[in-house]
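I opened the notebook for a friendly walk through this model. Below is what I looked up, entry by entry.

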Amino acid sequence: MTAIVVEQTGGPEALTTQTREIPQPGQGQVLVRTEATGVNFIETYQRSGVYSVELPFVPGAEAVGLIEAAGPDVDLEALGLRVGARVATCQASGTYAERFVADAQKIVAVPEHLDPRTAACLPLQGITAQYLSRSTVPVQQDQTAVVLAGAGGVGGLLIQLLKHLGAEVIATASTDEKRRIAREHGADHVLGYEGFAERVRELTGGRGADVVYDSVGKDTFDQSVQALRPRGTAVLYGGASGQVPPFDLQRLNALGSLYVTRPSIGAYLQDREELQARLGEVFDLAEAGVLRPTLDTTFPLAEAAEAHRHLEDRRSRGKVLLIP
């Protein structure tokens, strides 16, 4: 089979196309024939050496595909699956390949009427938007939520979910084009980044927002906490501009007994039941037309290096997929 392999860390050219043996599913595993693989920033960090990974390795954790075989101890029927079933995961490894093996407890069936490319846009970004709005801060009708980077993959889905929950949504984006995209996702108000905390207070009659979802980090965090109402919550779930420097917790007192949390997806996928519930809801909402993921572009598997360049150059306006 064809696989993308990193033998030495470096630039996108470190992604090399190789022929490898088809892996065999072991205990607790299934073999999946890949239909579409999600390309995510974490793989660029692993490829470049920012994150340490044992070399050589095949990148990728997110994919949609068809089950071809199961390990000797896997009861597919008990999991509601079968050979030939279309499944999705964001917790596999080696998905930059024509086939990969995955833990049978970490795959979810894709609804019959959801096409594989749409489904492949949803596991990582969809689950993130789901747990942020349902669990990190369970947003209620008529609350006000601020979504930074509202034109991004997670930001767009988060706006759509928040509107579905009945919230008023204020989004930020850096350019006119990105602000247009955020409006298309359903944001009630869309702002630039300069002085956004003051604008949020103006739009809320001086009260402030109930929650700010901040994936930008260092450049925006100070404004994020200033945009909150008393006892509001700043949810820092990314650091596109860099990590937030050490923060004096006494400021949370001065700004109105605020809350700050730094969630990550692993803590919200503790077992198969939680994975099934979260991704199941995401798929159901996509089938119903509530969630509309944005597929930016697809690349053939052999052009994984170009897909990484596309992502690192910030050209993407949605999900990037590799197609075997």
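**Entry 1, helix α6.** I began with the contacts of α6: its buried residues pack against β8 (144-147), β9 (168-172), β10 (189-191), β11 (209-214) and α7 (221-226). Contact here means heavy atoms within 4.5 Å. Helices (H or I, at least four residues) and strands (E, at least two) are DSSP runs, numbered from the N terminus.

Before going on, I noted that this is a predicted model, where local features need pLDDT of at least 70 and side-chain atom pairs count only at pLDDT 80 or more, while totals for chains, interfaces and linings use all residues. Residues are numbered from 1 along each chain as its sequence is written, and side-chain values use heavy atoms, with hydrogens and water left out.

Which residues of α6 are buried? I found Phe-196, Ala-197 and Val-200 in this helix, which spans residues 196-203. Viewed down the axis of α6, these buried residues fall within an arc of 105 degrees, so they line one face of the helix. The arc is that of the directions from the helix axis to the C-beta atoms. Buried means under 20% relative accessible area, exposed over 50%, and partly exposed in between (1.4 Å probe, protein chains only). After α6 comes Gly-205, with a positive phi near 65 degrees.

I then checked how α1 (residues 41-48) and α10 (residues 304-312) meet: their axes come within 10 Å and cross at roughly 110 degrees. Axes are lines fitted to C-alpha atoms, for helices over the stretch in contact, and angles run from 0 to 180 degrees between N-to-C directions. The two helices α1 and α10 are therefore roughly perpendicular to each other (65 to 115 degrees). On the α1 side I listed Phe-41, Glu-43, Thr-44 and Arg-47, which meet His-308, Leu-311 and Glu-312 of α10.

The bond from Leu-55 to Pro-56 is cis, with omega near -10 degrees, and Pro-56 lies in the loop between α1 and β4 (63-70).

Arg-231 is not a glycine, yet has a positive phi of about 65 degrees. I located Arg-231 in strand β12 (residues 228-236), where it counts as exposed at 57% relative accessibility.

Ser-257 also went on my list, with a positive phi near 55 degrees. Its place is the loop between α8 (250-254) and β13 (259-261), and Ser-257 is partly exposed, at 43% relative accessible area.

Notes: Parallel < 35°, antiparallel > 145°, perpendicular 65-115°, else oblique.
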